[in-house]
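Please find below a colleague's note on the model under review. The points move from the overall fold to the sheets and then to individual backbone features.

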Amino acid sequence: MPLLTQNKRIERVSSTAELFSKYPNLKESAKQFVSRSPEAVDTKQLLYVQQREFVATTPADNSVSVLGSDDATTCHLVVLRHTGSGATCLAHCDGSSTWTEVPLVVSAVTSRSNPAKEGRLELHLVGGFDDDRRTSHSLSLSILAAFQKQKEEIHLETCCITDMNDVIKDGIHRPVVYGIGVDVKTGDVFPASFTCRGPAEELRSARTFSGGQMVEVYDSSRELVKIGPCRWTPNNDMAFWLSQDDETILQFLSTSPYAEPPHFVRHIKSTIQFLLDHPTADGLFPGGQPHLYRRAEDGRWKRA
């Protein structure tokens with residue numbers, strides 16, 4: 001089934017510029033989206049989604065009110081929601097395996113929606129910018145093409161990607177919106193900022209940094225964050241990066257060295273240190289059991 005906007009089929013395009021030229025309503029809604037100031041999200045309501053993770057839940061969830069993710073430069077943040085059931089999924093896609101990731105997102109929402117229930121699937125895409133390597137452009141087109149291949153009819157509501165999410169500051173292209181939240185109860189998608197990226201931020205970052213693929217990190221039926229078990233192999237060569245200056249790390253370990261948020265290098269170094277401290281993940285998962293986290297009364301995620 002097709003990808004639609006204003007109930008019209010979106011044809012395959014060869015560039016994001018062509019997309020916005022053919023469908024000016026998408027351009028207009030993107031302009032409105034980037035004009036909104038980021039909202040600071042209350043940690044007590046939030047479930048944060050890291051790179052190469054996705055989370056899905058429904059309005060019946062008593063532990064999560066907002067799904068959120070940020071630090072997206074060339075990455076794209078994908079929200080799919082069924083308007084009837086309210087089932088909502090947020091994924092942080094980096095282009096590592098778009099064609100296998102998009103079906104996971106669709107399945108996460110449809111499996112939580114009664115097919116007989118009225119409503120439709122609505123898609124929101126935010127991320128990327130006009131980067132020199134055109135990494136964002138490629139990912140934008142791949143994600144659009146992958147959604148066009150799904151059997152479900154999907155309505156593209158927000159498309160704030162690449163050229164429409166670009167601003168030039170001090171002569172350098174950067175994203176306007178780095179992060180978004182989605183209100184699970186209302187479906188509102190908004191620019192957002194976060195002070196907390198847990199639970200288990202370093203462990204989750206280490207999984208991705210060491211090559212882990214897209215994974216679901218929340219069991220909505222039990223309202224538990226579920227991490228792992230993860231696997232990685234020892235790599236002492238990584239210690240090299242801890243002694244390098246910020247510029248070197250940005251040039252070699254980022255897809256967009258001049259557009260990263262200020263904490264990027266600190267985050268990379270803490271992730272590398274975590275991997276050096278835990279050369280394999282085996283000791284972190286006794287008996288091969290995942291780490292489970294439940295929302296505590298004080299609003300924090302605590303080990304279950």
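How many helices and strands does the chain have? The model is a predicted one, and in it the chain has eight helices and 19 strands. The points below take up the chain as a whole before its parts.

1. Overall dimensions. The C-alpha trace spans about 55 × 45 × 30 Å along its principal axes.

2. Burial and contacts. Of the 304 residues, 51% count as buried. Among contacts between residues at least 6 apart in sequence, 73% join residues at least 24 apart.

3. Surface and charge. The chain exposes about 13900 Å², and carbon and sulfur atoms supply 48% of that area. There are 33 positive and 38 negative side chains. The centres of these two sets lie 4 Å apart.

4. Eight strands make up an open sheet with mixed pairing, in the order 2-1-10-9-7-8-5-15. Its edges are strand 2 (8-9) and strand 15 (215-216); each has a single partner strand, so one side of each is left without a neighbour in the sheet.

5. Strand 9 within that sheet. Is strand 9 buried or exposed? Seven of the seven residues of strand 9 (residues 121-127) are buried, so the strand is largely enclosed by the rest of the structure. The cover extends to both faces: Leu121, Leu123, Leu125 and Gly127 are buried on one side, and Glu122, His124 and Val126 are buried on the other.

6. Neighbours of strand 9. Strand 9 pairs with strand 7 in the antiparallel sense over seven bridges, and His76 has Gly127 of strand 9 as its bridge partner. With strand 10 (residues 154-161), strand 9 pairs in the parallel sense, again over seven bridges. In that pairing, Glu122 stands opposite His155 of strand 10.

7. Strands 7 and 8. Strand 7 (residues 76-82) also runs antiparallel to strand 8 (residues 88-93), to which six bridges join it. One of the bridge pairs is Arg81 with Thr88 of strand 8.

8. Strand 4 runs parallel to strand 6 (residues 66-69), and three bridges join them. Leu46 stands opposite Val66 of strand 6.

9. Strand 16 (residues 218-219) and strand 17 run antiparallel and are joined by two bridges, with Asp219 opposite Leu224 of strand 17. The hairpin that these strands form has four residues between them, and Glu223 takes a positive phi near 55° there. Strand 17 also pairs with strand 18 (residues 291-295) in the antiparallel sense, over four bridges. Val225 stands opposite Tyr293 of strand 18.

10. Cis peptide bonds. Where are cis peptide bonds found in the model? One joins Gly198 and Pro199, with omega about 0°; Pro199 is found in the loop between strand 14 (189-193) and helix 5 (201-209). Another joins Gly228 and Pro229, also with omega about 0°. Pro229 lies in the loop between strand 17 (224-227) and helix 6 (239-242).

11. Ala200 is a residue other than glycine with a positive phi, near 55°, and it lies in the loop between strand 14 and helix 5. Asp170 likewise has a positive phi, near 50°. Its place is the loop between strand 11 (166-169) and strand 12 (172-175). Is Asp170 buried or exposed? Asp170 counts as exposed because its relative accessibility is 76%, where the cut-off for exposed is over 50%.

Conventions: Residues are numbered from 1 along each chain as its sequence is written. This is a predicted model: local features need pLDDT of at least 70, side-chain atom pairs count only at pLDDT 80 or more; totals for chains, interfaces and linings use all residues. Side-chain values use heavy atoms; hydrogens and water are left out. Buried means under 20% relative accessible area, exposed over 50%, partly exposed in between (1.4 Å probe, protein chains only). Contact means heavy atoms within 4.5 Å. Accessible areas come from the Shrake-Rupley method with a 1.4 Å probe; for residues, only the protein chains shown count as cover. Lys and Arg count as positive and Asp and Glu as negative; His and the chain ends are not counted. The place of a charge is taken as NZ of Lys, CZ of Arg, CG of Asp or CD of Glu. Two strands pair if DSSP finds at least two bridges between them.
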